[in-house]
Amino acid sequence: MDLKKRTKLERAQKRVATIKGFYDHLTIYLIINILVFIFRGKFIITLLSKEALGNPQILNWIDWNVYGIPIIWGIGVLIHGLVVFKIKPSFFTDWEEQKIKKYMSEEQESSSS
């Protein structure tokens with residue numbers, strides 16, 4: 001196999017591994033968070049039944065873990081997906097194009113003066 005084909009193969013393998021890594025991350029995120037939501041009630045009963053942890057503030061801690069962490073982790077998964085699939089929100093693309101046109105017209109005006 002010549003060098004050009006080998007480097008194409010290596011790039012393709014790396015790309016597939018990157019995409020697989022994202023899907024693994026997404027799968028783990030979904031499984032863990034589904035289990036946490038399913039067993040939320042059991043966490044509360046277990047923690048509140050013990051005298052040492054029978055503190056009403058523990059409910060805030062549980063809510064933070066059941067709702068807050070999936071949101072923060074979900075943002076991480078979203079960013080991971082955007083990077084892996086090279087998705088750039090249109091706002092950024094439009095902004096870049098507008099700036100390029102602006103600077104090109106400024107350059108053209110300054111060179112014609």
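The following conversation discusses selected residues of a predicted model.

Me: Is Asn33 buried or exposed?
Reply: Asn33 is buried, at a relative accessible area of 8% (buried is under 20%, exposed over 50%, partly exposed in between, with a 1.4 Å probe and protein chains only).

Me: Which residues is Asn33 in contact with, leaving aside its neighbours within four places in sequence?
Reply: Those residues are Pro70 and Trp73, where contact means heavy atoms within 4.5 Å.

Me: Where does Asn33 lie?
Reply: Asn33 lies in helix α1; helices are DSSP runs (H or I) of at least four residues, numbered from the N terminus.

Me: Changing topic, how many aromatic pairs are there?
Reply: The structure holds five; rings of Phe, Tyr and Trp (its six-membered ring) pair if their centres lie within 6.5 Å, and planes under 30 degrees apart count as stacked, over 60 as edge-to-face and the rest as tilted. The pair of Phe37 and Tyr67 is tilted because the planes are at 55°, with ring centres 5.8 Å apart.

Me: Why does the pair of Phe37 and Tyr67 tie together parts that are 30 residues apart in sequence?
Reply: Phe37 lies in helix α1 and Tyr67 in helix α3 (residues 57–84).

Me: How accessible is Phe37?
Reply: Phe37 is partly exposed, at 41% relative accessibility. Tyr67 is partly exposed too, with a relative accessible area of 39%.

Terms used:
Residues numbered from 1 in each chain as written. Predicted model: local features only at pLDDT ≥ 70, side-chain atom pairs only at ≥ 80, totals over all residues. Heavy atoms only, no water. Helix = DSSP H or I, 4+ residues; strand = E, 2+ residues; numbered from the N terminus.
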